[in-house]
Amino acid sequence: MSDTIAAIATAPGEAGIGIVRLSGPDSIKILDQIFIPTKGKSIKEYSSRRLTHGKIIDPSTKHVIDEVLVTYMKAPFTYTAEDIAEIDCHGGIVPVKKILEMVLRNGARMAEPGEFTKRAFLNGRIDLSQAEAVMDLISAKTDKSFDVALDQLEGSLSKEVKKIRNDILEMMAHITVNIDFPDEDIEEITYHELKEKAEHIYKDIHKLLESAHTGRILKDGLSTVIIGKPNVGKSSLMNALLKESRAIVTDVPGTTRDVIEEYISIKGIPLKIIDTAGIRETEDVVEKIGVERSKEFFNKADLIIFVLNASEPLTDEDQEIMKYLSNRQAIVILNKIDLPEIFTKDEIQKILPNKKIIKLSVLSGEGMEELEDTIVDMVYGGEVKQGEASFVTNVRHQNALERAKESIKEGIKAIDHGLALDFIEVDIKNTWEYLGEITGDTVGEDVLDTIFSNFCLGK
C-alpha cells in the first residue's frame, strides 16, 4: 500500500490524552513536517520507538497547535507491519481534531473503519480470525470474554484451523498423485485409509463447532429472562444478582410494569438479564402491555429463570407458565424458603422432571451461590471447562465450520459408495476452502470489506 492513512485512535470527549495515529510509507515524513522537538531539529534525529517531547505546528504559519509527545516505529515490527507514527496530544475534541486536520493537510488520507487492522492482515502480520478478535477484545463484557478474545488474537483458533487444513492438504496430495499418476510406481491410497483420514477431520471440525454455543454466550452474553407471576420476588432476585437496587421492590403485585434489562457477570459469564412484568390477567392497560412484552422475551431467551413463591400455594398462573417450560432451557427457583413452605421441591420436580430446581431465599442469600454455579454449568454444558479449548465466538466462523463439516461428510459418503477419486477430491477441497475462510486464506475482497467496515475508525 503506497498511501499513508491517519485517524483519531481514542474515543471522542474530554480526556487526559488523545492519540492521532498514522500508518504508511510517509508517516515519518509527515510527522517531520508538523512536529518540532523540544531538543534537536528533526524527529528523524531520534531513534525509533522513543517517546519525544515537542510541539505540533502549522508549517505554513509556524503557529503552535499543541504540546505533544510523539513516537515513530519503523516497519515491519509494528501493528500494521508498516511505518507508524503516533501523536499523543491533550485530550478533548478540539486538540485531536486540529492535529488530524494538520496531518491530512500534509499528505495523509483519512483511514476507513478498521483499515489499520486490515493492513495488518493484508501485510501478513495476523490472519483474519485474529483481526476479528481485535474488535471482540475491545467490546469484551467480562474477564472471561476478554480472555477468549485474547486467546484468539494470539492465534489459538487459527492454530487449530490450520492444523485441520494441513491434514486435508496432505489428504488432497495423496488423492491428486493417485489421479494424475495412476501407472507410476507410487503407494496407492486405499479407500479405507481415505475414510480413516476423513473421519478424523470430521471429528476435529465437530469438536470446534461444539464450542460455538458457549463461545457466542461468552462474546454476546446469555439472554436470561426472569419470569413468574407478580410478587414472587423476580425484581428482588434481579437486584441480588446485580448486587444493587436496580428494580423497584414492593409488596404490591404488578410493580414491574415493563421490561428491565441489565448486563451482569456471573463468574466470568456475561448475562443480559431481563426482569419482566409478572404474567397475569390484568385490566391495567400499561401492565397489560408489559405482560405481552414479557411473553415476547420469554420466547427469545437463551435461559429462563422461573420464580415461584414457595410460601404460597401454586396458582393457575403458575401452572400456565410451567406448560411453556417443558422444551426450554430453564431453572426453577423456589423463593422465600425463609417462610413456611407450602409445597416441596419434589412436587415441582414431578411437574417439571427435567428442570434444575433450586431452593432459594433472596432475603437471606441462601441458594444464590447454587444458582450462579448452575448457570455456569449450563453455559459450559458440563463438558468444556474454562481454559481447556478454543471457543468459536464468531457467527461467520461458525457458518464456515458448518459448511466444512457438511462437505467432509459428503466426502465420507462418496468414499463409502466407492466413487471415483475425482468426485471425492471435490468434497475434500471444498472442506479445505471453507476452513480457509476463517483465517482469510480463501476469502473474497467483498467479505473483507464487510468485516472491517464494522471496526471503529482508529483501529
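Reader: What pLDDT does the protein chain average, and how many of the residues score at least 70?

Author: In this predicted model, pLDDT is the predictor's confidence in each residue, from 0 to 100, and the protein chain averages 85, with 88% of the residues scoring at least 70. Local features need pLDDT of at least 70 and side-chain atom pairs count only at pLDDT 80 or more, while totals for chains, interfaces and linings use all residues. Residues are numbered from 1 along each chain as its sequence is written, and side-chain values use heavy atoms, with hydrogens and water left out.

Reader: Where does pLDDT stay under 50?

Author: Where pLDDT is low, the predicted coordinates should not be read in detail. Here pLDDT stays under 50 over residues 247-258, for which the model has 34 contacts (heavy atoms within 4.5 Å) beyond four places in sequence. Over residues 382-388 the pLDDT is also below 50, and this stretch has nine contacts in the model beyond near neighbours in sequence.

Reader: How do the axes of helix α4 and helix α5 cross?

Author: Two packed helices are described by the angle between their axes and the distance between the axes. Helices are DSSP runs of H or I with at least four residues, strands are runs of E with at least two, and both are numbered from the N terminus; axes are lines fitted to C-alpha atoms, for helices over the stretch in contact, with angles from 0 to 180 degrees between N-to-C directions. The axes of α4 (residues 128-138) and α5 (residues 143-153) come within 8 Å and cross at roughly 160 degrees. That makes α4 roughly antiparallel to α5, a label for angles over 145 degrees, whereas those under 35 count as roughly parallel, 65 to 115 as roughly perpendicular and the rest as oblique. Among the residues that meet are Q130 and L137 in α4, and F146 and L153 in α5.

Reader: Is T431 buried or exposed, and which residues does T431 touch?

Author: Buried means under 20% relative accessible area, exposed over 50%, and partly exposed in between, using a 1.4 Å probe and protein chains only. T431, which lies in helix α15 (residues 421-439), counts as buried because its relative accessibility is 0%. Not counting residues up to four places away in sequence, T431 touches I168, I205, A404, S407 and I408, and a polar atom of its side chain lies 2.9 Å from the backbone oxygen of D427.

Reader: Where does A420 lie?

Author: A420 lies in the loop between α14 (395-416) and α15, and with a relative accessible area of 35% A420 is partly exposed.

Technical notes:
A polar contact is a pair of N or O atoms within 3.5 Å; within protein, one must be able to donate a hydrogen and the other to accept it, and residues adjacent in sequence count only if both atoms are side-chain atoms.
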